[in-house]
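Subject: Structure handover

Hello,

Here is the structure to keep on file.

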Amino acid sequence: MTDAPPARTAHYVSREPWDPYIADRLTAEQEKFYMAGQWKLMWWRFRRHRPAVVSAVFLLLMYASTLISEWIAPYDLHTRHIRHIFAPPQSVHLFHEGELRAPFVYALKMQRDPDTLQRVYTEDLTKPQSLRFFCRGETYQFWGLVEGSFRFVCPPTEGTFFFLGTDRLGRDMFSRIVYAARISLTIGVIGIVLSFALALVLGGLAGYYGGWIDNVVQRVTEIIRSFPHLPLWLALSAALPVTWSPLLVYFGITLILALLDWPGLGRAVRSKLLALREEDYAVAAQLMGAKPSRIIGRHLLPGFMSHLIASATLSIPSMILAETALSFLGLGLRPPITSWGVLLNEATDINVVAVNWWLMLPVVPVILVILAYQFMGDGMRDAADPYA
Amino acid sequence: MLNYIARRVLLMIPTLFVISALVYVIVDLPPGDCVTSQIDELLSRGDPDALRRADELRSLYGLDQPLWQRYLEWVAGMFQWDFGLSCQDTVPVGDLIGERLMLTMVMEVSTIAFIWIVSFIIGVYAATHQYQAGDYIASFIGFVGLAVPNFLLALVLLYVGKVYFGLSIGGLMDPEYIDKPLSWGKVSSVMQHLIIPVIVIGTSGTAGMIRRLRANLLDELQKQYVVTGRAKGLPPMKLLIKYPLRHALNPFVADIGNLLPEVISGSVIVSVVLSLPTTGPMLLGALKTQDVNLAATFLLFVAVLTVIGTLISDLLLAALDPRIRLGATAEK
């Protein structure tokens, strides 16, 4: 240690102002991530869930189609073709005698089977009939308000176009399925809105106030949950007066569906509220004199709203299925209101279905829509889960 | 434990009373009564006695009494297995429903057994073979079971049976056994006819159960005690059965409470489609003709079945799972 200390090295001092946070500065990407709000984060997480996105797009298209059912359907909901009862689906062809031409169908020829007296339809291969596109077809009342006749596809001028066959009154199945989507798709949504509202109010009261309100609501939910829904639905919809107009019956049925559906959501609301109202921020709000409605609505609900919406989405399919089942049994919606279940009501007799299989086709959209809701709901639930 | 059972049973009684009153009122709600349609028929035939006959019928069925009085009579009679008269063919409800109730119960119990067995096998397989072909097939079946309405499944089976095999699968026994006393032939005939309804009703329940069992078992399989067991060389089968499986089995017992209402709902609609001699079709008919006593009795029976089923599942759960048993006693 006898060495003299080394000569001072000329050392460099930066003149820049010192930035104490230099180490944990975020990249632009990270910044975007950390600054994003709750809903934006959920949206990003939802977008990663492929099947859910595909399902959401599919459902959007389905709902969009209900806005313009009149344009999509080649025929009206109630148009009867007396000469084409139980006609089989007419397929669209592109080649006539090996030649490419505009999409066309072959004319249908009907004969009676001499033994069974059943109608037998054959395609008349000599008579190709071109379909018309973006055309004027049968006139309709657009949403029952404006008269119009524009359609995307019209039957050939001389012939018919039954893409999915016809039913026992000669009504075009495809058009009926398109129109029925309006009822079937909205009934689940309206029903869930009603049930959501009931769950928020009753579950909220029970969870926030506790005491005897909680006790009563709890007992009621237990009774409803422990009872098989379908028989009760049947009994309730049998109780709808026959004199009601079909529209009133429609709302009656949605109300009935909601009445038995809310307990599940209500329980979720209650248990979350019970847990959250003990949190410091809720107590703080209370001490500052906020009213219960404000505490619940402004401070507590947003904390688990995303969860609620996800579980509500997951119970839409069961509503659609319930309506379909009720109408299938003949106790749900009544004609002239037409849902997929009402269409399926025609398919109850197996002997009819065995000959005219296309009467079962309305279940295809039912299955697709339910699967789509299921996937979308799963995606939403995953996205809403803060622990994922 | 005894205390717990007693409390649960006592709680059942008011629940059932509320349900019975509710059910009776709902069934009675529509305007008119079951006599109305019969009388309309007589009137349209120009029967001069129709109106007098209507009064006669009304007093026979007690329809001239107010609702609460009829309800009380119905409830009071119930303790002696007397559910009043059915409006359809003027027979005591008790005679009409006896065998149907039996067959319904047989069907429901076998459906639950089916759901258990199938979802146990598939669920365990799917969890132990995660992300392999079998797992994907299982979840595909699960989704189909959730999405396909079970009346459609019933229709398709009927259709396939009729078109491809020339069978009619309707009914629950061969025609020669109907209204015959119990015999071995009858039992085996019922068993054969049960297979299809049980599969149809059970599919949706099986789907949910497989998902739950798979999720539960997957959670358990990642825990450290499983890793320890595997590390010290326990045979895989023994390791699986001895510890994680037992943890994961809770939903099998706990879910009877949810499963039972679902199975009963399913059986109503499926038995209408397959025209089985169970409670479903008769309930539907009774509701349509406003046969109050018959419909209310069916609905109440269904409720009793569910409530008792839930009770049994809760008790079983407490008996099997020490966590719940000890938790229940600790609370008191």
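Some terms come up below. Helices (H or I, at least four residues) and strands (E, at least two) are DSSP runs, numbered from the N terminus. Two strands pair if DSSP finds at least two bridges between them.

The model is predicted: local features need pLDDT of at least 70, side-chain atom pairs count only at pLDDT 80 or more, and totals for chains, interfaces and linings use all residues. Residues are numbered from 1 along each chain as its sequence is written, while chains are lettered from A and ligands numbered from 1 in the order in which they are written.

The sheet in chain A

In chain A, 3 strands make an open sheet with antiparallel pairing, in the order β1-β2-β3. Its edge strands are β1 (93-96) and β3 of chain A, each of which pairs on one side only. From one strand to the next the twist averages 60°, where axes are lines fitted to C-alpha atoms, for helices over the stretch in contact, and angles run from 0 to 180 degrees between N-to-C directions.

β1(A) and β2(A) pair over 3 bridges, and A:Phe95 has A:Leu100 in β2(A) as its bridge partner. Strand β2 (residues 99-112) of chain A is joined by 9 bridges to strand β3 (residues 119-130) of chain A. A:Leu108 stands opposite A:Glu123 in β3(A). The hairpin of β2(A) and β3(A) has 6 residues between the strands, and A:Leu117 takes a positive phi near 65° there.

Chain A as a whole

Chain A has 13 helices and 5 strands. Its radius of gyration is 31 Å, well over the 21 Å that the globule rule gives for 388 residues, so chain A is more spread out than a compact globule. That radius is taken over C-alpha atoms, and the rule is 2.2 Å times the number of residues to the power 0.38. The C-alpha trace of chain A spans about 125 × 65 × 40 Å along its principal axes.

Regards
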